[in-house]
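The sequence and structure are shown first.

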Amino acid sequence: MSRYALIPAFPFDARVWAEAAEGLRAVGHEVLTPDVGGLGDSELPAVAPSVDVMAEQVADFMDQAGWPSAHIAGISMGGYIAMAMLRLFPERVEGLGLICTKASMDSPSKRAERLQQADDMNSSALAVMARAMAVALIADDEPRSAQVQAWVSDQDPTAVAWSLRAMAARPDSLGVLRTAGSRLAVVVAGQVDPMVTAADVHQMAAALTDAGARPTVVTLAGVGHLAALEAPAAVVDALLTLSRRPPSD
């Protein structure tokens, strides 16, 4: 039996991981799905926005469960947080799952876009974001798109703005991945993900390989940015490589 902490994408909560979490539990693993950054059931941090703060929230969640360590997996923003955990709490990261995410920091234009979105965020802006994400993030799946719109609409605009600023401030994490050592790692990409490129995936895999991690890379055909929602069974299979493959193989 292994333990998995699954960190959600922006601007979602644990529901985005629900089916994958059940898949892992069904084969005997323990799973935590912590909310972060004021999204879902988490508290809005009363400090400057940072993925480090969200990593600390995940670590606190693990403490409450009595988990000294686990396989840490994150989708999109959750991947940024997983990499922050590797930097801040390496002893707590057994294996690393990077799902539809990237290790590079925002470009200046992307950073400016996020900060402007944060400045403008309110209930009306959140409704616009929810509709746009329902179209952009899901590959040709109307029921899933409706879920995305509803889940984004559920969030607190203040927490959404906080998370936008945290992502805009995040550092480049390629150097962090080069410290992963022999940890098991899996990088999952959606073939039609509009947010993460093949170059992003190659960069992460190369950095992990440089560290000696020998990552597994999985590309899911026809899947967009929210792989854990669109293809939960395939994501479970990918994450199970962290438990099945011995470090010495």
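The lining of the largest pocket consists of 26 residues, of which F10, K110, R114, M133 and M195 lie nearest its centre. A pocket here is an open set of points on a 1 Å grid over the protein atoms alone, where a 1.4 Å probe fits, with protein on both sides within 12 Å along at least five of seven lines; lining residues have an atom within 4 Å of a point. The model is predicted: local features need pLDDT of at least 70, side-chain atom pairs count only at pLDDT 80 or more, and totals for chains, interfaces and linings use all residues. Residues are numbered from 1 along each chain as its sequence is written, and side-chain values use heavy atoms, without hydrogens and water.

At least two lining residues of the largest pocket come from each of α3 (77-88), α4 (108-120), α5 (123-136) and α7 (157-169). Of these, α5 gives the most, with five residues.

| Pocket | Volume |
|---|---|
| Largest pocket | about 480 Å³ |
| Second largest pocket | about 150 Å³ |

Around the second largest pocket stand D35, S42, E43, V53, E56, Q57, D60, F61 and Q64.

D13 is located in the loop between β1 (3-7) and α1 (18-26). Beyond its neighbours within four places in sequence, D13 is in contact (heavy atoms within 4.5 Å) with P8, D35, G40 and Q155.

Key:
Points joined across faces, edges and corners; volume = space filled by probe spheres on them. Helix = DSSP H or I, 4+ residues; strand = E, 2+ residues; numbered from the N terminus.
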